[in-house]
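Please look over the sequence and the model before reading on.

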Amino acid sequence: MLAINLVKQFISKRLNASYVTKNSAPREAYLKLLTKSDLKKEINIKQLFRSPFGLCKTPTNFYDCLIIDESHRLVKQMYGDFQGQNQVMECINSSLLSIFLIDENQRITTKDIGTVDEIKYWAKELGSRVIMNEETALISQFRCNGSDLYIQFLNNLLQIGENVDIDLTELNFDIEVFDDPNMMREELRKKNQINNKSRMVAGYCYDWNVINHRGEYDIYLENGFKAKWNLENDKVWAINPNSFEEVGCIHTAQGLEFDYVGVIIGQDLRYDEERHEIIIDKTKISKDDKTSGIKSCGEALARQLIKNTYKTLLTRGQKGCYIYCEDKALSRYIKRMLGVN
């Protein structure tokens, strides 16, 4: 919501500003929430929410300000944007002021090029000044109940950086590990009935059977659990009151938050109890995955992208995160970290 509030402030000063993000899910969700599905309002303010695709056709400095959310997801030419060259460059070129909201640890595909170094490079090439200091660093965050302790817990869990001793008794965030995916779904369903702000998400492991006419469900787990990926062409899955039963992927969840999120961790992330080590297995990525590039990239990059994917999914909840692991050793590992028998 920081980006949306920035757009509001610039617009109130009668400046030509726009919110930019590569992911369509947050654009569509914010548009629906702000207009309450009023078609006239949607037409009037839709120009405030745009994709970086097509910025290559925008005149230099057309905008007073662009707020680029999820800047780590920017890419080079793709998706038929044939005149495009580099979205970082095109954002800078299109606006007098470009505000990049970036977290390099949320890069989730091999095509993502948004980095601080990339921004600095194109700023220099285009004669722009980079302002990056303590005042521009986002040292606090609102997701996960604003809990830096939970973020460190995830870093320890995924073995990102050095392990840091933490006291989870001070954690004001609801975490629970479920042995049965059906029980996790039922608990989330109860939460969702309160305000339609709870959803299930999963990693890249599960095939898209329904859309490819190979079956009625996409995700099959133990104890008869069955679910579909998020509805085809449902751009507002995150807020659609009929979408709870569908499981969201990283592309429909990144950039959005829920009160409670239920994360299904597949076989691409496991735990070796003898070596006390997280195992990353890119061979478990779905054969239908055409976007991440994980299956064909090197082991080191695959390890980074899979960890980034799950950390992003595990931070979608503002009040709590429920977890189901296909790998029972991983489930036991997380329970031990939480001090749960």
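Leaving aside neighbours within four places in sequence, with which residues is Leu330 in contact? They are Ile265, Leu269, Arg270, Tyr271, Ile278 and Cys325, where contact means heavy atoms within 4.5 Å. The model is predicted: local features need pLDDT of at least 70 and side-chain atom pairs count only at pLDDT 80 or more, while totals for chains, interfaces and linings use all residues. Residues are numbered from 1 along each chain as its sequence is written, and side-chain values use heavy atoms, with hydrogens and water left out.

**Nonpolar cores**

Leu330 is one of the residues with the most contacts inside the largest nonpolar core, which has 65 residues. Tyr150, Val263, Ile264, Tyr310, Ile323 and Ile334 are also among them. A second, separate core has 15 residues, including Val20, Leu74, Cys91 and Ile119. A nonpolar core is a set of buried Ala, Val, Leu, Ile, Met, Phe, Trp, Tyr and Cys residues joined through side-chain atoms within 4.5 Å. Buried means under 20% relative accessible area, exposed over 50%, and partly exposed in between (1.4 Å probe, protein chains only).

**Aromatic pairs**

The structure holds 12 aromatic pairs. Rings of Phe, Tyr and Trp (its six-membered ring) pair if their centres lie within 6.5 Å; planes under 30 degrees apart count as stacked, over 60 as edge-to-face and the rest as tilted. Two of the pairs are set out here.

| Pair | Centre to centre | Angle between planes | Class |
|---|---|---|---|
| Tyr206 and Trp229 | 6.4 Å | 50° | tilted |
| Trp237 and Phe258 | 5.7 Å | 80° | edge-to-face |

Tyr206 lies in the loop between β6 (198-202) and β7 (219-220) and Trp229 in the loop between β8 (226-227) and β9 (247-248), so their pair ties together parts 23 residues apart in sequence. Strands (E, at least two residues) and helices (H or I, at least four) are DSSP runs, numbered from the N terminus. Tyr206 and Trp229 are both buried.

Trp237 is in the loop between β8 and β9, and Phe258 is in strand β10 (residues 258-265), 21 residues apart. Trp237 is buried, with a relative accessible area of 1%; Phe258 is buried too, at 3%.

Elsewhere, ring pairs link Tyr150, Phe153 and Phe173 into a cluster.

**Helix contact**

Phe153, Asn156 and Leu157 in α6 meet Tyr333, Ile334, Met337 and Leu338 in α10.
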